[in-house]
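Please keep the sequence and the 3D view open while reading.

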Amino acid sequence: MSRRSLLRALGGGAAVSTLAGCGVPAAYIAPDERSAADRSARDKELTFANWPLYIDTDDRDKTRRPSLEAFEKRTGIDVRYTEEINDNDEFFGKISPSLMNRQDTGRDLVVISDWMCARFVRLGWVQEMDRARQPNVTKYLDPLLRSPHFDPGRKFTVPWQSGITGIAYNRRKVGREIKQVSDLWADDLKGRVTLLSGLDEAFALLLQGDGVDVTRWRADDFHRMCDRVEKLVASHHIRRFTGNDYIKDLSSGDVLACQAYSGDVIQLQADDPDIEFVVPEEGAELWAESLMIPNLAGHKRNAERLIDHYYEPRVAAELAAWVNYVCPVPAARDVLASAKDKELAALAEDPLIFPDDAMRGRLAIARDITPKERTEFAKRWNALAGL
C-alpha cells in the first residue's frame, strides 16, 4: 500500500466544521495550550506512529528496524513504533476527538501527507519544534522542501520522505516518448489513460499541464482544468480514476500511460524496464509526508531527537535505500555513492531518489487547498472521478 492515499468524499475538514457546530469545543487550539510538561528526561521513551512498509527492516528478521535500533542504542530511548496509519482521513478521524478536546493522543510523533499536515497546522494541533535541538535538520533538509505554503520555514513539520507525482508509461507499447501532460490526450491513447482519484493527489500535475504556477494557483485555474477533464471523461479518453491500482493496470497493459508516484515506478521498473517515469516539461508536483509532534505529547524532546537522527546523512541513506522514495536529505547521495555494494551505489544515480538539477528545476510544491475552497472543489472533483 502506498502512503499516498485516496481523499474520501469531502475529507476530514467537513467533519471538523460539522462537529464545531454541534456543541463540540472550537477546533482551533491557541499556541499557549499546545504543550504539556515534557517527561523526556525522566521517561526514556516515545511513541511513533507511521505507515506500513515505510521504514527499513532487517532482511532476515522483518520485526527488526536497524535505523531505529541504532537510535535506541545510542540514546537509551525506547521507541514504541506502530504501523497504524493506512489513510490520512481515517487517521485524522482517529485522533481528532482528542486534539479538539485538548487531550493527549498517546502519540509523540506521527507521519502524514503534507496536504493533511496543512490542516493540522491551521487548526493548531501540532507543536512548534525546537530547531536548536535539531542541527541535522537545519543543515541537511532539502532546500526545495524547506518552506511549503502551509508551514513557512518548516516550524511545525519535517519531511519523512518525499516523492513526485508525474506520468508513468510503457515506452515500448506507446512507441514514442511522453514529454508533456498534453501527450496523454493523443488520439491513440484514448481509453488507455488513467488519472488519480484523490483531489489532493491529482490536481497539481493537471494544473501544471495547463501552464499554471501551482505555488499560486487560483479558483479559476482549478475550474478551467476540471472543464478539460470533464470533456475527456465524456469522450471516454480517460479510462478511469484510480487509487494505487494503477500499478496493476500499467503492469497488465490495460493502461499505457497514467498519473503515478515516483516511488511506485521504481518498484515497477524492477519487473518491467519498459516502464518509464516522466517529470513533464511543464513541471510536476513535489510532495512530502512529514513528521509532526501532536499537541500535549509527553516526550517532545525525545521526538525531536529522533527526527534529527533521521537527518544524519548516513541514516537518511539507509532509509532511502530501503523505501526508494525521494530522499529529503540530498547529502545522503554521497553516502550511497561511496558504498562498496554496487546496487547501493547505483541508487545514488537514480533521479527518482535523488533528482538531478534538470529535474529539480521542474519540481514545485503546490499551494494547498484552503478550508474555504475544499468543499466546493472536492464536490466538483469527486463528481468527475465518480467518488
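## Helix H12 and its packing

In this predicted model, helix H12 covers residues 313-323, and its buried residues are Pro313, Val315, Ala316, Ala317, Leu319, Ala320 and Val323. These buried residues pack against helix H2 (66-75), H5, S4, H11 and helix H13 (332-337).

After H12 comes Asn324, with a positive phi near 65°. Most residues other than glycine have a negative phi.

## The crossing of H7 and H16

Two packed helices are described by the angle between their axes and the distance between the axes. For helix H7 (residues 199-209) and helix H16 (residues 371-385), the axes come within 11 Å and cross at roughly 85°. H7 is therefore roughly perpendicular to H16, because crossing angles of 65 to 115 degrees are placed in that class.

Which residues meet where H7 and H16 are in contact? From H7 they are Leu199, Asp200, Ala202 and Leu206, and from H16 they are Arg374, Phe377, Ala378 and Trp381. Sorted by class, the contact of H7 with H16 has six nonpolar residues, two charged residues and no polar ones.

Asp200 belongs to helix H7. Is Asp200 buried or exposed? Its relative accessibility is 4%, so Asp200 counts as buried. The side chain of Asp200 is joined to that of Arg374 by a polar contact of 2.9 Å.

## The largest nonpolar core

In soluble globular proteins, nonpolar side chains tend to be buried together. The largest nonpolar core of this model has 124 residues, and the members that touch the most other members are Phe48, Phe120, Phe203 and Trp381. Trp381 is also one of the H16 residues that meet H7.

With neighbours within four places in sequence left aside, Phe48 is in contact with Val79, Arg80, Tyr81, Thr82, Leu109, Val111, Trp160, Leu291 and Leu306.

## Positive phi in two loops

Arg154 sits in the loop between helix H5 (135-140) and strand S4 (158-170). Its phi is near 50°, a positive value in a residue other than glycine. Arg154 counts as buried because its relative accessibility is 1%, and the cut-off for buried is under 20%.

Leu296 is in the loop between strand S9 (284-292) and H11, and the phi of Leu296 is near 65°, again positive in a residue other than glycine. The relative accessible area of Leu296 is 17%, so Leu296 is buried.

Arg301 is part of helix H11 (residues 300-309). Its relative accessibility is 45%, so Arg301 counts as partly exposed. Not counting residues up to four places away in sequence, Arg301 touches Asp38, Ser40 and Arg133. Arg301 and Asp108 are 193 residues apart in sequence, while their C-alpha atoms are 9.5 Å apart in space.

Where does Asp183 lie? Asp183 is in the loop between helix H6 (171-174) and strand S5 (193-196). With a relative accessible area of 23%, Asp183 is partly exposed. Not counting residues up to four places away in sequence, Asp183 touches Arg176, Glu177, Ile178 and Leu189. A distance of 9.6 Å separates the C-alpha atoms of Asp183 and Ala257, two residues that are 74 residues apart along the chain.

How values were computed: Residues numbered from 1 in each chain as written. Predicted model: local features only at pLDDT ≥ 70, side-chain atom pairs only at ≥ 80, totals over all residues. Heavy atoms only, no water. Helix = DSSP H or I, 4+ residues; strand = E, 2+ residues; numbered from the N terminus. Buried < 20%, exposed > 50% of the residue type's maximum accessible area, 1.4 Å probe, protein only. Contact = heavy atoms within 4.5 Å. Axes fitted to C-alpha atoms, helices over the stretch in contact; angles between N-to-C directions. Parallel < 35°, antiparallel > 145°, perpendicular 65-115°, else oblique. Nonpolar A, V, L, I, M, F, W, Y, C, P; charged D, E, K, R; others polar. Core = buried A, V, L, I, M, F, W, Y, C linked by side-chain atoms within 4.5 Å. Polar contact = N/O pair within 3.5 Å; in protein donor to acceptor, adjacent residues only side chain to side chain.
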